[in-house]
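Reader: I have not looked at this one before. Can you put it up and take me through it?

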Amino acid sequence: MKVWRLVSGILCCVLFLFVAFQSCAAGVANSLEENGSSSGSAGLLVAILMLTGGIVSIATKNSKGKGSAIALIIIFGLAALMGFSNSGNFGDLNIWAGWCLINAGLAFISIFTSRKARLSE
């Protein structure tokens with residue numbers, strides 16, 4: 001699971017730039033259209049949570065405990081929940097929320113695979 005954490009962390013840090021840029025553009029579009037949607041702001045929060053999750057993922061890639069996986073589940077789960085619930089007219093936010101949900105799921109799986117690896121040692 002070390003490789004997954006490293007790759008996921010790097011991808012999340014890179015994708016942060018795209019999500020933040022798209023969210024700013026969606027926020028400007030929401031303001032110009034005066035439609036009352038908050039999908040741009042929610043996208044910016046998802047981007048920040050993705051960056052946070054990426055940094056935590058890279059920093060804890062060699063960790064053997066469950067704490068880092070639980071932190072990743074919370075961070076990415078919150079980002080996915082926020083993204084899916086506030087997508088509004090920013091359709092790409094569903095894609096980024098899906099990426100966060102995949103990362104939360106892999107962090108959940110890593111709890112059990114790391115436990116199994118520790119038991120076999």
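Reader: Is I70 buried, exposed or partly exposed, and why?
Author: I70 counts as partly exposed because its relative accessibility is 42%; buried means under 20% relative accessible area, exposed over 50%, and partly exposed in between (1.4 Å probe, protein chains only). This is a predicted model, where local features need pLDDT of at least 70, side-chain atom pairs count only at pLDDT 80 or more, and totals for chains, interfaces and linings use all residues. Residues are numbered from 1 along each chain as its sequence is written, and side-chain values use heavy atoms, with hydrogens and water left out.

Reader: Which helix holds I70?
Author: I70 is in helix α3; helices here are DSSP runs of H or I, at least four residues, numbered from the N terminus.

Reader: And how far apart are I70 and L6?
Author: They are 16 Å apart in space, C-alpha to C-alpha, and 64 residues apart in sequence.

Reader: New topic. Which residues touch the most other members of the largest nonpolar core?
Author: V46, M50, F76 and C100, out of 23 residues in that core. A nonpolar core is a set of buried Ala, Val, Leu, Ile, Met, Phe, Trp, Tyr and Cys residues joined through side-chain atoms within 4.5 Å.

Reader: Which elements give two or more residues to this core?
Author: α1, α2, α3 (67–85) and α4 (92–120).

Reader: What does M50 touch?
Author: Leaving out residues up to four places away in sequence, M50 touches C12, L15, V19, F76, W96, W99 and C100, where contact means heavy atoms within 4.5 Å.
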